[in-house]
Amino acid sequence: LKPISAQVCIAPSGDRSPASACQGQPRAPMSVVPSPAASKGFDDLAACVFSIRQHMANAPSSDLQPGMTWENFPKQVVQMYRMKKDGCFEEPRPSAFDIFQRTFPDGKVPMPITEVKAKGMPPPLEQLLK
């Protein structure tokens, strides 16, 4: 995130004034760091907007779906967002890369089954106990 400089200074008297009163004073950079919950909410809202926009772009005609108009777009986004928060949609499934990273965090993978079969499987337990 890029820091944003403050636009209003507070004078020693407590009076707020425009940035011109800050001459000679260093400005402290400000940044916005969202909480994980806010970040998740933003991601969900963006997903709803993208999904509805894509659905409307791919729709053959507005006659088939009377509620799908650009005038109703904000209402549809809110409705879909609330449905998502109520759990009406399942979470996206993790990708193969995400599963790999979760299962093998150090990056070391055991031998593939084809290599194990090529070397030969260990003898069955019955043979070992005889």
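## Helix α2

The exposed residues Lys75 and Arg82 lie on the face of α2 turned away from its buried side (exposed: over 50% relative accessible area; buried: under 20%; partly exposed: in between; 1.4 Å probe, protein chains only). Helices are DSSP runs of H or I with at least four residues, numbered from the N terminus. This is a predicted model, in which local features need pLDDT of at least 70, side-chain atom pairs count only at pLDDT 80 or more, and totals for chains, interfaces and linings use all residues. Residues are numbered from 1 along each chain as its sequence is written, and side-chain values use heavy atoms, with hydrogens and water left out.

Phe73, Gln76, Val77, Met80 and Lys84 are the buried residues in α2. They lie on the same side of α2, because they cover an arc of only 100° around the axis (taken from the directions from the helix axis to the C-beta atoms). The buried residues of α2 pack against α1 (36-58), contact being heavy atoms within 4.5 Å. Gly87, whose phi is positive, near 90°, follows α2.

## Salt bridges

The whole structure holds 3 salt bridges (a side-chain nitrogen of Lys or Arg within 4 Å of a carboxyl oxygen of Asp or Glu). Asp44, buried at 6% relative accessible area, pairs with Lys40 at 3.2 Å, N to O; both lie in helix α1, 4 residues apart.

Asp44 also forms a salt bridge with Lys85, the closest N and O atoms being 2.6 Å apart. This pair links helix α1 to helix α2 across 41 residues. Glu90 and Arg93 form a salt bridge at 3.9 Å between the closest N and O atoms. Shared partners join Lys40, Asp44 and Lys85 into one network.

Definitions and conventions
Helices (H or I, at least four residues) and strands (E, at least two) are DSSP runs, numbered from the N terminus.
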